[in-house]
Each structure stands twice: as C-alpha cells, then as structure tokens.
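Welcome, and take a moment to look over the sequence and the structure. The paragraphs below will lead you through them step by step.

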Amino acid sequence: MKFGVVIFPGSNCDADAYHALRDAMGVPTEYIWHEVRDISGFDCIILPGGFTYGDYLRTGAVARFAPVMEAVSEFAAKGGLVLGICNGFQILLEAGLLPGAMLRNRAQRFVCSHQYLRLEQLDTPFTCAGRKGQVVDIPIAHGEGGYYCDEAALSQLEREDRIIFRYCDKEGNITDEANPNGSIANIAGICNKERNILGMMPHPERCSDPLLGWSDGRLVFQSIIQTLAKKVPV
Amino acid sequence: MPKAKIYITLKKTVMDAQGQTVQRALQNLGFTEAKSLRIGKYLEMELEGNNSSAMKARVQEMCAKLLANPIIEDYRVEIE
C-alpha cells in the first residue's frame with residue numbers, strides 16, 4: 001500500500017503527515033507536488049493542513065483548482081481513499097467533494113488546543129479501528145473551522161450517518177461549551193456518500209507518534225491501513 | 001477600460017460573527033444606533049470588452065466559479 005501527501009504552496013502540515021505515516025505508522029509514503037497530474041499507484045491521498053495560497057479569497061478556494069486536484073477527484077470517484085485534514089478539509093469543501101462550507105471561528109480567534117472528539121461512526125475506512133462513542137483527544141489549530149451547511153444538507157448527513165467526528169467534552173457529551181468554533185451540530189469531521197472521502201478539522205498527524213506522549217490520532221491511520229490490507233489486490 | 005464592481009455578501013441565513021463583533025465594538029464606542037452589521041467583500045476588476053451585458057455575464061460566471069462560494073455567499077455585479 002502507498003500513501004501520498006499532497007503539497008500545495010502554503011501547506012505546512014505535510015511533513016507531520018509524512019512523518020506520522022512513514023515513521024510512526026511504518027507505511028510507504030511519498031510527497032505529491034500540487035502540479036502532478038498522475039497519481040496512479042497510490043492507495044490513500046492526504047490533503048494536509050496549512051494556509052494554501054495564503055487562504056486568499058477564501059480558505060481552500062484557490063487550491064481546489066490546483067492541477068493535482070483533478071487527479072484527486074478522479075481517484076476518489078474510482079473509490080480511492082482521500083483524507084483532508086484542516087486546510088485539506090477546506091479544500092475538499094471548496095472542490096465540492098464534500099458538502100458544506102467553512103466559516104470563520106465564531107469567537108473570531110485562531111484556536112490551537114487539545115480537543116475532545118466523539119467517534120460517531122465506525123463504518124468508514126478512517127474509523128473502523130475505533131469503538132462506538134469513543135472519545136479521543138486530537139488537537140485543533142484553525143481560524144476558520146466553523147462548519148456550515150443548510151438544513152437539507154445537515155438532514156442528509158445525519159440520515160446517511162456521515163457525521164464522523166463531533167466536538168465533545170471529556171465525557172463525550174456534545175455541548176456548546178465543547179464547540180471550539182461554532183460548527184453546526186458540533187461537526188468536526190464528515191464523509192461523502194460513498195464513505196471513501198473524509199474531511200476533519202482536527203490534526204491526527206500531530207498525535208500519532210508515541211514518542212510525543214500522545215497518540216490518539218493513530219486510530220485514523222490504523223483504520224486506513226486495516227482497510228487497505230483487506231482489499232484484494234487487482 | 002470598463003470596470004466591474006463586485007459585491008460579495010454572506011447569505012442572510014449564515015451567521016456573521018465578524019459583523020456581530022464589530023457591531024458590538026461600535027456600540028462600545030458610543031454608536032448605539034448601529035443595530036446590525038454584516039461584513040462582505042468588494043472587488044474591482046478592469047476588463048477588456050465593449051458589450052456590457054456580455055461582460056456582466058462573464059463576471060457573474062467568475063463569481064459562480066471562483067470569486068464567491070454559492071453555499072454561503074451571494075454576489076452582485078455592476079459594469080461601468
């Protein structure tokens with residue numbers, strides 16, 4: 001199996017994602033430059049965090065038109081796994097690969113902190129190694145993390161069990177106090193209808209190395225690895 | 001050269017935390033008559049062309065494709 005970490009101008013969490021996968025999880029990983037149009041041979045693509053194109057116009061608005069994104073779209077359409085973290089999630093939203101949009105944090109401040117998340121669904125390639133209702137601590141670092149979608153879209157997400165992570169307190173309660181940015185329904189991460197694309201605002205790549213004394217993020221990468229290991233090679 | 005004036009605003013259904021914050025600041029400065037404030041973007045574009053309605057249509061396309069996010073923003077285009 002091979003993981004690819006895309007680098008856009010302004011990505012800054014690419015090295016962390018690369019290290020988490022190659023060194024902490026021990027899987028073959030390569031960087032993918034944003035101008036590359038051929039991403040055959042990869043099994044999972046990571047769109048990492050950062051401030052691509054300076055977040056100019058809207059966060060992720062310019063990156064979604066990068067040459068590599070056409071390949072990522074096709075890759076996802078064929079069932080390839082795509083994980084968008086923070087700015088990566090924003091790029092997936094702007095690209096229309098996931099529904100909704102991001103608003104500036106309601107407190108008008110960049111928030112960088114520990115964050116409890118509740119695992120809502122296990123039947124995705126990104127969470128299958130977890131336990132239902134499991135509470136994990138995966139850090140957030142963002143200024144525009146207020147997930148928004150209209151009533152119809154929210155109903156659909158809930159009906160189709162596509163809300164994957166929610167901001168919660170230590171006990172797993174979904175409260176307004178535990179919501180760091182004003183996201184509707186405390187949404188921290190969602191997936192697409194086919195469940196092969198996940199976008200999440202928190203950073204699992206920042207807590208996947210036991211050396212740092214904090215590895216709740218391993219759950220996400222472990223799930224992907226488990227999923228890929230089960231796939232019958234073509 | 002003709003100029004396009006583009007106004008991009010948050011949809012009415014979207015909460016404008018930035019606008020609310022600034023409105024509170026105005027209140028604190030004594031401008032108590034400012035009851036609500038919403039903040040948007042204003043863009044000016046010089047463009048080549050001579051047909052006003054054709055240019056307007058093109059700029060609206062630019063808005064739909066890149067300049068605005070139709071999920072959370074509305075846009076209005078003026079050509080002069």
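## Where the two chains meet

The contact draws nine residues from chain B and twelve residues from chain A, two residues being in contact if their C-beta atoms, placed from the backbone, lie within 7 Å. On the side of chain B that touches chain A, the largest share, three residues, comes from helix 1 (residues 17–28) of chain B. By kind, that side of chain B divides into five nonpolar, four polar and no charged residues; Ala, Val, Leu, Ile, Met, Phe, Trp, Tyr, Cys and Pro count as nonpolar, Asp, Glu, Lys and Arg as charged, and the others, Gly among them, as polar.

A word on how to read all this. This is a predicted model, in which local features need pLDDT of at least 70 and side-chain atom pairs count only at pLDDT 80 or more, while totals for chains, interfaces and linings use all residues. Residues are numbered from 1 along each chain as its sequence is written, and chains are lettered from A and ligands numbered from 1 in the order in which they are written.

Let us turn to chain A. Its secondary structure comes to five helices and 13 strands; helices (H or I, at least four residues) and strands (E, at least two) are DSSP runs, numbered from the N terminus. Buried residues make up 55% of the 234 residues in chain A, where buried means that 20 or more other C-beta atoms lie within 10 Å of the residue's own, exposed means 12 or fewer, and partly exposed lies in between, with C-beta atoms placed from the backbone.

Now find the sheet of chain A. Nine strands form an open sheet in the order 2-1-3-4-13-12-11-7-8, with mixed pairing; two strands pair if DSSP finds at least two bridges between them. Strand 2 (29–33) and strand 8 of chain A stand at the edges with a single partner strand each, so one side of each has no neighbour in the sheet.

Which helix of chain A is largely enclosed by the rest of the structure? Helix 3 (residues 87–94) of chain A is, because eight of its eight residues are buried. Among them are Phe89(A), Ile91(A) and Leu92(A). The buried residues of helix 3 of chain A pack against strand 3, strand 4, strand 5 (101–103) and strand 13 (197–200) of chain A. Just after this helix, Gly96(A) takes a positive phi of about 75°.

Helix 5 of chain A has buried residues too, including Leu219(A), Phe221(A) and Ile224(A). What covers the buried residues of helix 5 includes helix 1 (14–24), strand 3 (44–47), strand 4 (81–85) and strand 8 (135–137) of chain A.

Finally, visit chain B. Three strands form an open sheet in the order 2-1-3, with antiparallel pairing. Strand 2 (41–46) and strand 3 (73–79) of chain B are the edge strands, each pairing on one side only. Six bridges join strand 1 (residues 3–10) of chain B to strand 2 of chain B, and Tyr7(B) has Tyr42(B) in strand 2 of chain B as its bridge partner.
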